[in-house]
Amino acid sequence: MSATPANEPLLDYVTSCALPTPWAQFTLHAFVEHGPGFGPAGKEHLAMVLGDIGDGEPVLARVHSECLTGDVLFSQRCDCGAQLEGALQRIAQEGRGILLYLRQEGRGIGLVNKIRAYRLQEAGADTVEANLQLGFHADARNYELCRPMLAQFGVKSLRLMTNNPRKIDAMTRLGIQVAERVPLLVNRNAFNNSYLNTKQAKLGHMMSPASVPVGEPVVVTAAAPDAS
Ligand SMILES: Nc1nc2c(ncn2[C@@H]2O[C@H](COP(=O)(O)OP(=O)(O)OP(=O)(O)O)[C@@H](O)[C@H]2O)c(=O)[nH]1
Ligand SMILES: [Zn+2]
(Lines give C-alpha, C1' and ligand atoms only; values in the text may rest on other atoms or scores of the structure.)
(Ligands and ions follow the chains in the order given, each with its own letter.)
Protein backbone atom coordinates (compact mmCIF):
# COMPACT_ATOMS: atom_id res chain seq x y z
CA MET A 1 0.00 0.00 0.00
CA SER A 2 1.52 3.33 -1.00
CA ALA A 3 1.32 6.50 1.08
CA THR A 4 2.83 8.87 -1.43
CA PRO A 5 0.88 11.89 -2.66
CA ALA A 6 2.68 14.24 -5.08
CA ASN A 7 5.97 15.63 -3.72
CA GLU A 8 5.88 13.21 -0.80
CA PRO A 9 8.88 10.92 -0.27
CA LEU A 10 8.24 7.51 -1.80
CA LEU A 11 7.38 5.23 1.05
CA ASP A 12 5.63 1.88 1.10
CA TYR A 13 3.78 0.54 4.09
CA VAL A 14 4.68 -3.15 4.15
CA THR A 15 3.46 -5.10 7.13
CA SER A 16 3.14 -5.33 10.92
CA CYS A 17 3.58 -7.73 13.80
CA ALA A 18 3.14 -7.79 17.57
CA LEU A 19 6.19 -6.56 19.47
CA PRO A 20 6.20 -7.42 23.15
CA THR A 21 8.58 -5.21 25.16
CA PRO A 22 9.30 -5.08 28.91
CA TRP A 23 6.69 -2.30 29.21
CA ALA A 24 3.85 -3.13 26.80
CA GLN A 25 2.97 -5.12 23.73
CA PHE A 26 3.29 -2.70 20.83
CA THR A 27 2.43 -3.26 17.20
CA LEU A 28 5.51 -2.86 15.02
CA HIS A 29 4.85 -1.48 11.54
CA ALA A 30 7.40 -1.69 8.71
CA PHE A 31 7.87 0.86 5.93
CA VAL A 32 10.31 0.83 3.04
CA GLU A 33 11.55 3.93 1.32
CA HIS A 34 12.03 3.34 -2.37
CA GLY A 35 12.63 6.63 -4.07
CA PRO A 36 14.61 9.85 -4.16
CA GLY A 37 14.48 12.46 -1.45
CA PHE A 38 14.92 11.51 2.15
CA GLY A 39 17.72 8.98 1.82
CA PRO A 40 19.00 5.96 -0.06
CA ALA A 41 16.34 3.78 -1.64
CA GLY A 42 15.54 0.63 0.28
CA LYS A 43 15.93 2.12 3.76
CA GLU A 44 13.59 0.50 6.23
CA HIS A 45 11.77 2.65 8.80
CA LEU A 46 9.61 1.57 11.71
CA ALA A 47 6.64 2.69 13.75
CA MET A 48 5.79 1.25 17.17
CA VAL A 49 2.14 1.82 18.00
CA LEU A 50 0.15 1.30 21.18
CA GLY A 51 -3.59 1.81 21.62
CA ASP A 52 -6.12 3.66 19.49
CA ILE A 53 -4.16 6.52 17.92
CA GLY A 54 -6.49 7.30 15.03
CA ASP A 55 -9.28 8.90 17.07
CA GLY A 56 -8.28 12.51 16.29
CA GLU A 57 -6.96 13.32 19.77
CA PRO A 58 -3.29 14.43 20.04
CA VAL A 59 -1.04 11.39 20.28
CA LEU A 60 1.92 10.99 22.63
CA ALA A 61 4.77 10.54 20.17
CA ARG A 62 8.50 10.14 19.85
CA VAL A 63 10.29 10.79 16.54
CA HIS A 64 13.52 8.92 17.20
CA SER A 65 16.55 9.07 14.92
CA GLU A 66 18.60 5.90 14.75
CA CYS A 67 21.63 5.75 17.02
CA LEU A 68 23.05 2.26 16.86
CA THR A 69 25.73 3.04 19.44
CA GLY A 70 23.25 4.45 21.93
CA ASP A 71 20.09 2.47 21.14
CA VAL A 72 21.76 -0.94 20.83
CA LEU A 73 25.33 -0.82 22.15
CA PHE A 74 24.57 0.99 25.43
CA SER A 75 26.83 3.97 24.59
CA GLN A 76 26.88 6.65 27.26
CA ARG A 77 28.30 9.23 24.83
CA CYS A 78 24.77 10.39 24.07
CA ASP A 79 21.30 10.20 25.59
CA CYS A 80 19.63 8.27 22.73
CA GLY A 81 19.25 4.85 24.32
CA ALA A 82 17.80 6.29 27.51
CA GLN A 83 15.46 8.52 25.49
CA LEU A 84 14.25 5.53 23.47
CA GLU A 85 13.58 3.54 26.62
CA GLY A 86 12.01 6.50 28.42
CA ALA A 87 9.70 7.24 25.50
CA LEU A 88 8.48 3.66 25.22
CA GLN A 89 7.92 3.52 28.98
CA ARG A 90 5.94 6.75 28.87
CA ILE A 91 3.76 5.49 26.00
CA ALA A 92 3.20 2.25 27.88
CA GLN A 93 2.18 4.17 31.03
CA GLU A 94 -0.45 6.06 29.03
CA GLY A 95 -1.48 3.00 27.03
CA ARG A 96 -1.51 5.05 23.82
CA GLY A 97 1.13 6.49 21.55
CA ILE A 98 3.52 6.10 18.66
CA LEU A 99 7.27 5.96 18.22
CA LEU A 100 8.67 6.55 14.75
CA TYR A 101 12.11 4.99 14.37
CA LEU A 102 13.79 6.83 11.51
CA ARG A 103 16.92 5.33 9.99
CA GLN A 104 18.91 8.54 9.85
CA GLU A 105 21.88 7.47 11.93
CA GLY A 106 24.37 10.02 13.16
CA ARG A 107 22.05 12.97 12.60
CA GLY A 108 21.85 11.89 8.97
CA ILE A 109 25.57 11.36 8.22
CA GLY A 110 25.59 7.59 8.79
CA LEU A 111 27.23 5.29 11.32
CA VAL A 112 30.80 5.26 10.02
CA ASN A 113 30.84 9.03 9.67
CA LYS A 114 29.46 9.37 13.20
CA ILE A 115 32.37 7.26 14.44
CA ARG A 116 34.71 9.54 12.47
CA ALA A 117 33.01 12.46 14.25
CA TYR A 118 33.49 10.78 17.63
CA ARG A 119 37.19 10.40 16.79
CA LEU A 120 37.41 14.13 16.09
CA GLN A 121 35.57 14.80 19.36
CA GLU A 122 38.24 12.79 21.17
CA ALA A 123 40.76 15.23 19.63
CA GLY A 124 38.86 18.22 21.05
CA ALA A 125 36.05 19.07 18.63
CA ASP A 126 32.50 19.30 19.89
CA THR A 127 29.66 17.42 18.22
CA VAL A 128 28.84 20.30 15.85
CA GLU A 129 32.46 21.16 14.99
CA ALA A 130 33.17 17.50 14.21
CA ASN A 131 30.34 17.32 11.67
CA LEU A 132 31.50 20.55 10.04
CA GLN A 133 35.13 19.35 9.89
CA LEU A 134 33.90 16.27 8.04
CA GLY A 135 32.09 18.46 5.50
CA PHE A 136 28.57 17.83 6.76
CA HIS A 137 25.92 20.11 8.19
CA ALA A 138 25.65 20.18 11.97
CA ASP A 139 22.35 18.33 11.59
CA ALA A 140 21.68 16.66 8.23
CA ARG A 141 18.35 15.09 9.17
CA ASN A 142 15.11 15.32 7.24
CA TYR A 143 11.74 14.57 8.77
CA GLU A 144 9.61 14.46 5.61
CA LEU A 145 8.89 10.77 6.04
CA CYS A 146 6.98 11.52 9.21
CA ARG A 147 4.04 12.86 7.23
CA PRO A 148 3.21 9.67 5.30
CA MET A 149 4.11 7.51 8.29
CA LEU A 150 1.70 9.37 10.58
CA ALA A 151 -0.93 9.57 7.84
CA GLN A 152 -0.86 5.78 7.69
CA PHE A 153 -2.38 5.80 11.19
CA GLY A 154 -4.59 8.87 10.80
CA VAL A 155 -2.45 10.88 13.24
CA LYS A 156 -2.50 14.66 12.71
CA SER A 157 -1.59 16.08 16.12
CA LEU A 158 1.22 15.13 18.49
CA ARG A 159 2.24 15.46 22.09
CA LEU A 160 5.86 15.28 21.03
CA MET A 161 8.52 13.95 23.37
CA THR A 162 11.59 15.99 22.47
CA ASN A 163 13.98 18.69 23.64
CA ASN A 164 14.75 19.75 20.08
CA PRO A 165 13.01 22.90 18.83
CA ARG A 166 14.08 22.14 15.23
CA LYS A 167 12.15 18.90 15.36
CA ILE A 168 9.03 20.77 16.46
CA ASP A 169 9.54 23.30 13.65
CA ALA A 170 10.03 20.49 11.13
CA MET A 171 6.76 18.82 12.17
CA THR A 172 4.90 22.10 12.00
CA ARG A 173 6.27 22.82 8.51
CA LEU A 174 5.04 19.38 7.44
CA GLY A 175 1.53 20.29 8.58
CA ILE A 176 1.69 18.05 11.65
CA GLN A 177 0.38 19.87 14.69
CA VAL A 178 2.49 19.76 17.87
CA ALA A 179 -0.17 20.27 20.51
CA GLU A 180 2.30 19.87 23.35
CA ARG A 181 6.01 19.38 23.91
CA VAL A 182 6.86 16.69 26.41
CA PRO A 183 10.49 17.09 27.56
CA LEU A 184 12.58 13.94 27.53
CA LEU A 185 15.46 14.60 29.90
CA VAL A 186 17.23 11.37 30.75
CA ASN A 187 20.63 9.97 31.57
CA ARG A 188 22.89 13.01 31.85
CA ASN A 189 26.23 11.52 32.90
CA ALA A 190 29.96 12.24 32.97
CA PHE A 191 30.39 10.94 29.41
CA ASN A 192 27.60 12.90 27.72
CA ASN A 193 27.50 16.04 29.86
CA SER A 194 29.47 18.26 27.47
CA TYR A 195 27.65 16.72 24.48
CA LEU A 196 24.32 17.71 26.03
CA ASN A 197 25.68 21.17 26.86
CA THR A 198 26.75 21.62 23.23
CA LYS A 199 23.31 20.55 22.00
CA GLN A 200 21.80 23.19 24.26
CA ALA A 201 24.29 25.94 23.31
CA LYS A 202 24.66 25.32 19.57
CA LEU A 203 21.57 23.38 18.48
CA GLY A 204 19.06 25.09 20.74
CA HIS A 205 17.95 22.03 22.68
CA MET A 206 15.74 22.82 25.63
CA MET A 207 17.51 21.22 28.57
CA SER A 208 17.26 21.52 32.29
CA PRO A 209 20.67 21.16 33.96
CA ALA A 210 19.10 18.71 36.36
CA SER A 211 19.55 15.02 35.76
CA VAL A 212 16.42 12.90 35.52
CA PRO A 213 16.78 9.14 35.96
CA VAL A 214 16.29 6.79 33.04
CA GLY A 215 12.67 5.87 32.60
CA GLU A 216 11.33 8.96 34.31
CA PRO A 217 10.99 11.61 31.60
CA VAL A 218 9.74 14.92 32.96
CA VAL A 219 6.35 15.88 31.59
CA VAL A 220 5.08 19.44 31.38
CA THR A 221 1.98 20.70 29.71
CA ALA A 222 3.30 23.78 27.94
CA ALA A 223 1.10 24.42 24.93
CA ALA A 224 3.96 25.51 22.70
CA PRO A 225 7.74 25.07 22.57
CA ASP A 226 9.55 27.59 24.69
CA ALA A 227 13.08 28.92 24.60
CA SER A 228 14.04 27.97 28.14
N1 LIG B 1 26.97 13.25 13.82
C2 LIG B 1 26.72 12.96 15.09
N3 LIG B 1 25.55 12.38 15.39
C4 LIG B 1 25.32 12.12 16.68
C5 LIG B 1 26.23 12.38 17.70
N6 LIG B 1 25.69 11.98 18.87
C7 LIG B 1 24.47 11.49 18.57
N8 LIG B 1 24.25 11.56 17.25
C9 LIG B 1 23.05 11.20 16.50
O10 LIG B 1 22.09 12.17 16.81
C11 LIG B 1 20.78 11.64 16.61
C12 LIG B 1 19.95 12.00 17.83
O13 LIG B 1 19.90 13.39 17.88
P14 LIG B 1 20.01 14.22 19.19
O15 LIG B 1 20.64 15.53 18.80
O16 LIG B 1 20.72 13.41 20.27
O17 LIG B 1 18.56 14.42 19.68
P18 LIG B 1 17.33 14.95 18.85
O19 LIG B 1 16.68 13.77 18.22
O20 LIG B 1 17.73 16.07 17.95
O21 LIG B 1 16.46 15.64 19.97
P22 LIG B 1 15.55 14.97 21.05
O23 LIG B 1 14.22 14.75 20.40
O24 LIG B 1 15.48 15.94 22.15
O25 LIG B 1 16.22 13.68 21.44
C26 LIG B 1 20.97 10.15 16.38
O27 LIG B 1 20.84 9.91 14.97
C28 LIG B 1 22.40 9.90 16.81
O29 LIG B 1 23.01 8.84 16.10
C30 LIG B 1 27.47 12.99 17.35
O31 LIG B 1 28.32 13.30 18.18
N32 LIG B 1 27.66 13.25 16.03
ZN1 LIG C 1 23.01 8.61 20.35
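From the N terminus on, the elements of the protein follow the order β-β-β-β-α-α-β-α-α-α-β-α-β-α. That makes 7 helices and 7 strands. The model is predicted. Of the 228 residues in the protein, 37% are buried. Among contacts between residues at least 6 apart in sequence, 62% join residues at least 24 apart.

**Sheet**

- The 7 strands form an open sheet with mixed pairing, in the order β1-β2-β3-β5-β4-β6-β7.
- Its edge strands are β1 (11–20) and β7 (177–182), each of which pairs on one side only.
- From one strand to the next, the twist averages 25°.
- Strand β5 (residues 97–102) pairs with β4 in the parallel sense, over 5 bridges.
- Within that pairing, leucine 102 in β5 is the bridge partner of serine 65.

**Helices on the sheet**

- Helix α2 lies across β3 (44–50), β4, β5 and β6 (157–161), and runs at about 165° to β4.
- Helix α6 also packs on the sheet, where it touches β4, β6 and β7.
- The direction of α6 makes about 160° with that of β7.

- An unreviewed UniProt entry lists a "binding site" at Arg62, Val63, His64, Ser65, Glu66, Gln83, Glu105, Gly106, Arg107, Thr127, Thr162 and Lys167.

- Serine 65 is found in strand β4 (residues 59–65).
- Serine 65 has 20 other C-beta atoms within 10 Å, so it is buried.
- Beyond residues up to four places away in sequence, serine 65 touches Leu102, Gln104, Arg107 and Arg141. Among these, Leu102 is also its bridge partner in β5.
- Lysine 167 belongs to helix α6 (residues 165–173).
- Lysine 167 counts as buried because it has 22 C-beta neighbours inside 10 Å.
- Leaving aside neighbours within four places in sequence, lysine 167 is in contact with Val63, Tyr143 and Thr162. Val63 and Thr162 are among the residues that UniProt lists for the "binding site" in the unreviewed entry.

**Listed active site**

- The UniProt feature "active site" (unreviewed entry) is placed at Asp139 and Arg141.
- Aspartate 139 is found in the loop between α4 and α5 (146–152), and arginine 141 is found in the loop between α4 and α5 as well.
- With 20 C-beta neighbours inside 10 Å, aspartate 139 is counted as buried.
- Arginine 141 has 20 other C-beta atoms within 10 Å and is therefore buried.
- Apart from neighbours within four places in sequence, aspartate 139 is in contact with Arg107, Gly108, Arg166 and Leu203.
- With the neighbours within four places in sequence set aside, arginine 141 is in contact with Ser65, Gln104, Arg107 and Gly108.

**Exposed and partly exposed positions**

- Valine 112 lies in helix α3 (residues 111–122).
- Valine 112 has 10 C-beta neighbours inside 10 Å and so counts as exposed.
- Valine 112 and valine 72 are 40 residues apart along the chain, and their C-alpha atoms are separated by 15 Å.
- Threonine 172 is found in helix α6.
- Threonine 172 has 13 other C-beta atoms within 10 Å, which means that it is partly exposed.
- Threonine 172 and leucine 120 are 52 residues apart along the chain, with a separation of 34 Å between their C-alpha atoms.

How values were computed. Residues numbered from 1 in each chain as written. Chains lettered and ligands numbered in written order. Predicted model: local features only at pLDDT ≥ 70, side-chain atom pairs only at ≥ 80, totals over all residues. Helix = DSSP H or I, 4+ residues; strand = E, 2+ residues; numbered from the N terminus. Buried ≥ 20, exposed ≤ 12 C-beta atoms within 10 Å, placed from the backbone. UniProt positions renumbered as here; feature names shortened; annotations may be inferred. Contact = placed C-beta atoms within 7 Å. Pairing = 2+ DSSP bridges. Axes fitted to C-alpha atoms, helices over the stretch in contact; angles between N-to-C directions.
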